[in-house]
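I opened this notebook to record what I looked up on aromatic pairs and on one helix.

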Amino acid sequence: MAETTKGHANRKANRYSERELAGIAGFTLFTASVLLAAFSPLLATAATNTPVMHGLTHGTMFAAMAGFYFVVTRFKGRNELVSSNRARAGFLALQLLLPGIVLIETVLVFALPLVLQFGLWAVFGVSCAYFSCVWADVRSSLGEERIRAANLWSFGLAGCIVAGVLTMPAPPLSRHF
């Protein structure tokens with residue numbers, strides 16, 4: 001009986017806390033989203049399918065990420081924002097906004113104004129930056145072994161997603177216009 005209890009206690013001690021799991025999920029979303037945005041032909045629209053527009057949209061995303069980091073480091077309620085479940089749900093919805101709008105735009109064959117598209121890329125960048133802050137916050141409570149395991153699984157998952165997206169054919173946007 002004592003061994004059963006001891007084994008159960010060891011299993012319980014090896015489990016991730018809710019905070020750790022949320023952070024690992026946030027880091028996975030951040031990694032997969034940024035890599036997906038950087039390499040995916042699926043987020044290109046007819047208006048952004050040129051190398052110059054690709055660079056401008058992605059530059060907007062990274063500038064928004066940098067701006068978010070600058071603001072959040074000076075924000076007094078940073079810890080509450082990063083640990084809030086409502087904020088995580090809200091930023092996840094914001095992260096899904098760009099791919100959702102691009103999908104609708106492609107299916108319904110209409111073109112959004114470029115200003116709106118740049119705004120969507122900026123919102124996407126801010127949400128990616130938020131999830132990297134979640135990961136950084138949780139990292140301080142994880143041991144080195146768990147950080148390595150989370151990085152391995154996160155980058156492995158992100159690599160599979162990127163490889164899968166890169167093997168998909170790009171949608172034939174040019175024939176719609």
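I worked on a predicted model, in which local features need pLDDT of at least 70, side-chain atom pairs count only at pLDDT 80 or more, and totals for chains, interfaces and linings use all residues. Residues are numbered from 1 along each chain as its sequence is written, and side-chain values use heavy atoms, with hydrogens and water left out.

**Ring pairs.** I searched the whole structure and found four aromatic pairs (rings of Phe, Tyr and Trp, its six-membered ring, with centres within 6.5 Å; planes under 30 degrees apart are stacked, over 60 edge-to-face, the rest tilted). The W121 and F124 rings have centres 6.1 Å apart and planes at 75°, so I recorded the pair as edge-to-face. I then looked up Y130 and F131: their ring centres are 5.5 Å apart and their planes at 75°, so this pair is edge-to-face. Y130 is buried at a relative accessible area of 0%, and F131 is buried at 4% (buried means under 20% relative accessible area, exposed over 50%, partly exposed in between, with a 1.4 Å probe and protein chains only). I noted that ring pairs join F68, F91, Y130 and F131 in a cluster.

**Helix 5.** I located helix 5 at residues 85–108 (helices are DSSP runs of H or I with at least four residues, strands of E with at least two, numbered from the N terminus). Its buried residues include F91, L98 and V102. Just after helix 5, I found V109 with a positive phi of about 55°.

Conventions. The expected span of a helix is 1.5 Å times one less than its number of residues.
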